[in-house]
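We'll go stop by stop.

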Amino acid sequence: MDFSTSLIEGRLIKRYKRFLSDVELPSGEVVVAHCPNTGSMKRCQQDNACVWLSKSDNPKRKLGYTWELVEVDGEHLACINTGLPNKLVGEAIANGVVSELAGYAEQKAEVKYGEKSRIDWLLTGSEGQKCYVEVKNVTLLEEDGNGYFPDAVTDRGRKHLYELAKMVEEGHRAVLFFCVSHSGIGSVSPAVHIDEKYALAFAEVLEKGVEVLAYKVDITTERMVVSHSIPVISPKIGP
């Protein structure tokens, strides 16, 4: 996936009200950019971090700039725009990059299922067999060197896990797909230290047959592409 316009570099002043961020451009101008991320963005909003924005010419938009990338710890690139991983994973599946999800005849996005939910990708085989794929964006690199999801307590994410398990119970295939949008992350684990209930649910649904995949995204300021799988480490829960 190529960025539709050239990204604009700046320095992060602050993120506030969840969806807003003040960014200083090289000219010294301070602009308000949309922050398309509902999570805590732990370790991805460091003071004075180098960030990259896209700019829209749509006059109907309240904010012309959107925060896309951030430099973490002065060396890693992370994509904080949670609207992009679904597209990235969809492209990777369609192009045969994800070998575990190859061979399906049809691929649809945002299909209704479960209790008032939508699955990110529904894959259907030539004989009608279905595979439900739920995509999660991973950007949290902790000081122990491992990547984690989620970066904040997520009741919604836990609900998604149980909905995947329900699909398995109904005879379908269900996959939790960690899209790792951080250049410094080499492995992923459920974040017990942030949301133990999510980690417990993760272990529970894997026992019920839900599959889990983690793929790394190669990131530059021009393009992003899902490249290769990385290990998923089971969490240690309890004493």
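## The whole fold

Start with everything in view: the protein has three helices and 15 strands. Here helices (H or I, at least four residues) and strands (E, at least two) are DSSP runs, numbered from the N terminus. The radius of gyration is 18 Å, close to the 18 Å that the globule rule gives for 239 residues, so the protein is as compact as a globular protein of that length. That radius is taken over C-alpha atoms, and the globule rule is 2.2 Å times the number of residues to the power 0.38. Along its principal axes, the C-alpha trace spans about 60 × 45 × 30 Å.

Before you zoom in, know that this is a predicted model: local features need pLDDT of at least 70, side-chain atom pairs count only at pLDDT 80 or more, and totals for chains, interfaces and linings use all residues. Residues are numbered from 1 along each chain as its sequence is written, and side-chain values use heavy atoms, with hydrogens and water left out.

Buried residues make up 47% of the 239 residues; buried means under 20% relative accessible area, exposed over 50%, and partly exposed in between (1.4 Å probe, protein chains only).

Select E10, E11 and E13. These three strands form an open sheet in the order E10-E11-E13, with mixed pairing. Its edge strands are E10 (140-141) and E13 (188-190), each pairing on one side only. Two strands pair if DSSP finds at least two bridges between them.

How many bridges join E11 to E13? Three, and the two strands run parallel. To see one of the partners, click Gly 147 and look across to Val 188 in E13. As background, strands of a sheet pair through backbone hydrogen bonds, either parallel or antiparallel.

A cis peptide bond joins Phe 149 and Pro 150, with omega about 0°. Pro 150 sits in the loop between strand E11 (147-149) and helix H2 (155-169).

Now jump to Asn 48, in the loop between strand E3 (30-34) and strand E4 (50-55). Its phi is near 65°, a positive value in a residue other than glycine. Asn 48 is partly exposed, with a relative accessible area of 49%.

For another positive phi, go to Glu 110, where phi is near 55°. Where is Glu 110? In strand E7, residues 106-113. Glu 110 is partly exposed at 38% relative accessibility.

## The largest pocket

The largest pocket has a volume of about 770 Å³. On a 1 Å grid over the protein atoms alone, a pocket is an open set of points where a 1.4 Å probe fits, with protein on both sides within 12 Å along at least five of seven lines; lining residues have an atom within 4 Å of a point. Grid points are joined across faces, edges and corners, and the volume is the space filled by probe spheres set on the points.

Of the 30 lining residues, select the closest to the pocket's centre: Thr 38, Thr 82, Lys 136, Phe 149 and Arg 156. Next, show the elements that give two or more residues to the lining: helix H1 (85-94), strand E8 (117-124), strand E9 (130-138), E11 and H2. Which element gives the largest share? E9, with five residues.

Colour the lining by type and you get nine nonpolar, eleven polar and ten charged residues. Ala, Val, Leu, Ile, Met, Phe, Trp, Tyr, Cys and Pro count as nonpolar, Asp, Glu, Lys and Arg as charged, and the others, Gly among them, as polar.

## Salt bridges

Side chains of opposite charge can pair when their charged atoms come close. The rule for a salt bridge is a side-chain nitrogen of Lys or Arg within 4 Å of a carboxyl oxygen of Asp or Glu, and the count comes to eight.

- **Glu 134 and Lys 136:** Their side chains meet at 3.2 Å, N to O. Glu 134 is buried at 3% relative accessible area, and Lys 136 is buried at 9%.
- **Asp 73 and Arg 43:** This pair meets at 3.1 Å, N to O. The bridge links distant parts of the chain, 30 residues apart: Asp 73 is in the loop between strand E5 (65-72) and strand E6 (76-79), Arg 43 in the loop between E3 and E4.
- Asp 155 is exposed, at 51% relative accessible area.
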